Amino acid sequence: MRKTAKPLPPLLFRAVSLLSLVALIVSIVGSTENSDITHGLVNTKTQIALVLFLVTWFGACILLLLVANRSRSIEDGKHRLLLAVGISLPLILVRLIYSFIYSFGHKSDFSMLSGNVTVQLVMSVLEEIVIVLVCLGIGLTLQVRPSPEYSHQPSVSDRQGDAIEMESGGYQEHQSRRGRASRPKRRGGPLTKLVMFIVDEINDRRK
């Protein structure tokens, strides 16, 4: 989202993600509950997980509509994410219908282990393949956002320190000029003046 836009509350996205995670955990527990895998795939827990997945799907649809209404606020090049979600949601619904028919209708043709291969291909396998390809394809076309570069902004204390340093430097330079100006004129030859000049410089630095 752009900085000038008003984003959706993060709590909405977290709620949908949490519901999906709970559904996944319940589904795994239900599928591994019985020692016989043919009976373990369908039980009360797996049915509850399917209901939770369906609620999650409706939540994702609502989020998609809310975000689509704010499409003008989305950064350039990111609109393809909406396209990926829009294509994936109908395919996920078909996959859920396939599981619902087997879990609640007990139709043998919709069994993932011994059901009709054509039905499983059309309503389960192809949907999963297309969703993965769409998400990967659109994800690879997105540009990587460059990392922000932070520049040091001078604070009030830095500016005061610079001012004090400039003042002290100017004061020292003024004192050195004043000391040089107050030096008495030396008499003698060039060599004598050079030696006395060096001595005066050493004395000034010691002060």
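This is a predicted model: local features need pLDDT of at least 70, side-chain atom pairs count only at pLDDT 80 or more; totals for chains, interfaces and linings use all residues.
The largest nonpolar core is made of nine residues, including Leu 8, Trp 57, Cys 61, Leu 82 and Leu 96. Two or more residues of this core come from each of helix H3 (44–69) and H4, and H3 makes the greatest contribution, with four residues. If neighbours within four places in sequence are left aside, Trp 57 is in contact with Leu 89, Ile 92, Leu 93 and Leu 96. Apart from this core lies another, of six residues, among them Leu 41, Val 42, Tyr 98 and Phe 110. In soluble globular proteins, nonpolar side chains tend to be buried together.

The largest pocket holds about 910 Å³ of space. It is lined by 36 residues, of which Ser 20, Thr 56, Ala 60, Leu 89 and Ile 92 are the closest to its centre. Helix H1 (10–31), H3 and H4 each give two or more residues to the lining, and the largest share, 11 residues, comes from H4. The table sorts the lining of the largest pocket by class.

| Class of lining residue | Number |
|---|---|
| Nonpolar | 24 residues |
| Polar | eight residues |

Glu 128 counts as partly exposed, because its relative accessible area of 41% falls between the limits of 20% and 50%.

Terms used: Residues are numbered from 1 along each chain as its sequence is written. Side-chain values use heavy atoms; hydrogens and water are left out. Buried means under 20% relative accessible area, exposed over 50%, partly exposed in between (1.4 Å probe, protein chains only). A nonpolar core is a set of buried Ala, Val, Leu, Ile, Met, Phe, Trp, Tyr and Cys residues joined through side-chain atoms within 4.5 Å. Contact means heavy atoms within 4.5 Å. On a 1 Å grid over the protein atoms alone, a cavity is a set of points where a 1.4 Å probe fits but cannot get out, and a pocket is an open set with protein on both sides within 12 Å along at least five of seven lines; lining residues have an atom within 4 Å of a point. Grid points are joined across faces, edges and corners, and a volume is the space filled by probe spheres set on the points. Ala, Val, Leu, Ile, Met, Phe, Trp, Tyr, Cys and Pro count as nonpolar, Asp, Glu, Lys and Arg as charged, and the others, Gly among them, as polar.
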